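Here is a short report on a protein chain, written for someone who is still getting used to reading structures. Keep the 3D view open and look up each residue as it comes along.

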Amino acid sequence: MSTKRRVALTHEQRLQVIRESEKFHTSSRKIAEKYGVGKTQIDRILKRKSENLAHLEDNVAPERKRQRRPTGNEEINNLVWEFFKDASSRRVNLSGPMLKQKALDFASDFGNTTFKASNGWLDSFKSRHNIVFGTMSGERGDVDNSVVDNWRAKLPIICDGYSDNDIFNMDETGLFYRDSTKNTLKVKGEECAGGKRSKERITVALCSSLKGEKLPALVIKKAKQPRCFNKIKPETLPVIYRNNRKAWMNSSLFDGWLNQVNRKMKRQNRNILLFLDNAPSHPKIQPSNVKLVFFPANTTSKCQPMDQGIIQTLKLKYRKRQLKHVIRAMDKDKTKCGTQLLKDITLLQAIYWIDSAWKEVDVTTITKCFIKCGFSESQQRIHDDDDNDDDNDDDVPLSVLALSRDLFDCDFKDLVAIDQSMATCDLALTDWNKDAKDILQDITVDDPALSDDDSDDEQGDDEDKPCSICEGQFYIKRLRALAISQGKSKMLNHVMGVDECLLEMRMDNVEGLVQQSKISDFFLQK
């Protein structure tokens, strides 16, 4: 009598089993009948749900059937895997001999004299982590489509249990906020770490949900209290303002931002899923109400929603405000040219332009970018005909279109390419020449807070002389009349709000001048 051969499910099939059980509430017996396996195997898969899902982060091959047995060299293998991910995020060309040599270095640090970095070990390591060596070219050109397809197949399982409102993506981008001359087009990210041009750059981090919920933008600059802020406190700005020596994102700033998001979600009694790239500045920590999920290496150009048009839309809206400002200033001051006026833009102005541009990015634009990356089965059927992208230039004045060609030597839509190659984080946070034990300790604990440079790099900004409160009320009266005569209700609302602020300032000044009478004032002085 022939015995029935046991069928082992692949890793991809095990993930499908978990999904069918949790999302569709299919019984174990029906799932077992569908895949032609025993009910006990299905129950075992569901019992080890967390273990199977953890394989997603380890990039386990979807066709693998059986779990790898411990080799006794787990510490070495884990360090080589961390080294591989770090080098890939920095776009370093890796080869088999490089990985073998690094493994031998780690083994030597651990005092392991029996470990041999043989070709068999390398093949096993590549198979364990689904690594295929290939040729590295441009960011989009080197994307392995099979990795992207495999990632998109896993997305429904990763997002299972989270509504579209609770699926977020965050990414950083560099921005030349004022000095954007023709030479800017040739500037690479590595050249912006120091020197004169570093004073014209900022890092902007954007985060939004699939449904279009936008968290406040995070702006990073070098000075703690730039001169243009004057008496404005950074915590009162419409964005989250932070600073460090290079105006880059680092693990300390990211940890602070993440904790702030986590507290907000905790107050709202929400649990969210946050998708990130594998930048060195994004430590792998797991707060109570925010679960971090990292995209596969070298796939963000196709897998990350922010890279599909959200960041581009914000930059174009920022540039539109920038060019409108230059046109208005040129009309006011005939002695200055456009490039001079660009250099007069302050960080404070840039922050408010970023905030208003971010608020203006349409919800449908954000949702389409998520769907383009394979998110949300429930919204896959968005009308392709209704492609009214938020970054079209139909509403851009002709004077702005002409000025973009004159100042930037490119079309208005191409302005987004000016700073797209700018680095946004330190790509050398891990020193792989250190002792393996020290590296292992470093990658398992949070990065220490880095000391910030409080130097003021806005010393050259010219500040307008402020008017008095009485003069301000006079101008408000004229602005109110202008808004009413032109029928601009939105402008009138803003003007009335400023009028209330001026009244409060005047009352505060009056109260400061009036001194409380003492009881002795009512008696005659001898």
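Let's start with how the chain folds back on itself: residues 24 or more positions apart account for 72% of the contacts in the chain with a separation of 6 or more. Keep in mind that this is a predicted model. The chain has 526 residues, and 44% of them count as buried. Its secondary structure comes to 18 helices and six strands.

In soluble globular proteins, nonpolar side chains tend to be buried together. Here, the largest nonpolar core has 48 residues, and Phe275 and Phe375 are the ones with the most contacts inside it. Which elements supply at least two residues each? They are helix 8, strand 1 (167-176), strand 2 (201-209), strand 5 (272-276), helix 11 (310-332), helix 12 (338-343), helix 13 (347-360) and helix 14 (363-372). Helix 13 gives the most, with eight residues. Apart from this core lies another one, of 22 residues, which includes Cys207, Met249, Leu253 and Phe294.

Now zoom in on strand 5.

Strand 1 runs parallel to strand 5, and three bridges join them. Across from Leu274 in strand 5 you'll find Phe168. Strand 6 (residues 290-294) also pairs with strand 5 in the parallel sense, over five bridges. There, Phe275 stands opposite Val293 of strand 6.

What does Phe275 touch, if you skip residues up to four places away in sequence? The list is Trp151, Leu155, Ile158, Cys159, Ile167, Phe168, Asn169, Met170, Val293, Phe295 and Phe375. So Val293 turns up both as a contact of Phe275 and as the residue opposite Phe275, given that contact means heavy atoms within 4.5 Å.

Rolling a probe the size of a water molecule over the atoms shows where empty space is left. In this structure there is one cavity of 30 Å³ or more. The largest cavity has a volume of about 40 Å³. Its lining is made of Glu12, Leu15, Gln16, Asn150, Ala153, Lys154 and Ile157. Helix 1 (11-23) and helix 8 (145-158) are the elements that give two or more residues to this lining. Helix 8 has the largest share, with four residues. Sorted by class, the lining has three nonpolar, two polar and two charged residues.

| Residue | Relative accessible area | Class |
|---|---|---|
| Val147 | 23% | partly exposed |
| Ser209 | 1% | buried |
| Ala247 | 0% | buried |
| Asn298 | 27% | partly exposed |

Val147 sits in helix 8. Why does Val147 count as partly exposed? Because its relative accessible area is 23%, and the partly exposed class lies between under 20% for buried and over 50% for exposed. Leaving aside neighbours within four places in sequence, Val147 is in contact with Pro296 and Thr299. The C-alpha atoms of Val147 and Ala297 are separated by 9.4 Å, and these two residues are 150 residues apart along the chain.

Ser209 belongs to strand 2. Because its relative accessibility is 1%, Ser209 counts as buried. Beyond its neighbours within four places in sequence, Ser209 is in contact with Asp164, Asn165, Ile167, Phe168, Ile366 and Phe370.

Ala247 lies in the loop between strand 4 (240-243) and helix 9 (251-267), and its phi is near 55 degrees, a positive value in a residue other than glycine. Asn298 lies in the loop between strand 6 and helix 10 (300-303). For Asn298, phi is near 60 degrees, again positive in a residue other than glycine.

Note on methods:
Residues are numbered from 1 along each chain as its sequence is written. This is a predicted model: local features need pLDDT of at least 70, side-chain atom pairs count only at pLDDT 80 or more; totals for chains, interfaces and linings use all residues. Side-chain values use heavy atoms; hydrogens and water are left out. On a 1 Å grid over the protein atoms alone, a cavity is a set of points where a 1.4 Å probe fits but cannot get out, and a pocket is an open set with protein on both sides within 12 Å along at least five of seven lines; lining residues have an atom within 4 Å of a point. Grid points are joined across faces, edges and corners, and a volume is the space filled by probe spheres set on the points. Ala, Val, Leu, Ile, Met, Phe, Trp, Tyr, Cys and Pro count as nonpolar, Asp, Glu, Lys and Arg as charged, and the others, Gly among them, as polar. A nonpolar core is a set of buried Ala, Val, Leu, Ile, Met, Phe, Trp, Tyr and Cys residues joined through side-chain atoms within 4.5 Å. Buried means under 20% relative accessible area, exposed over 50%, partly exposed in between (1.4 Å probe, protein chains only). Two strands pair if DSSP finds at least two bridges between them.
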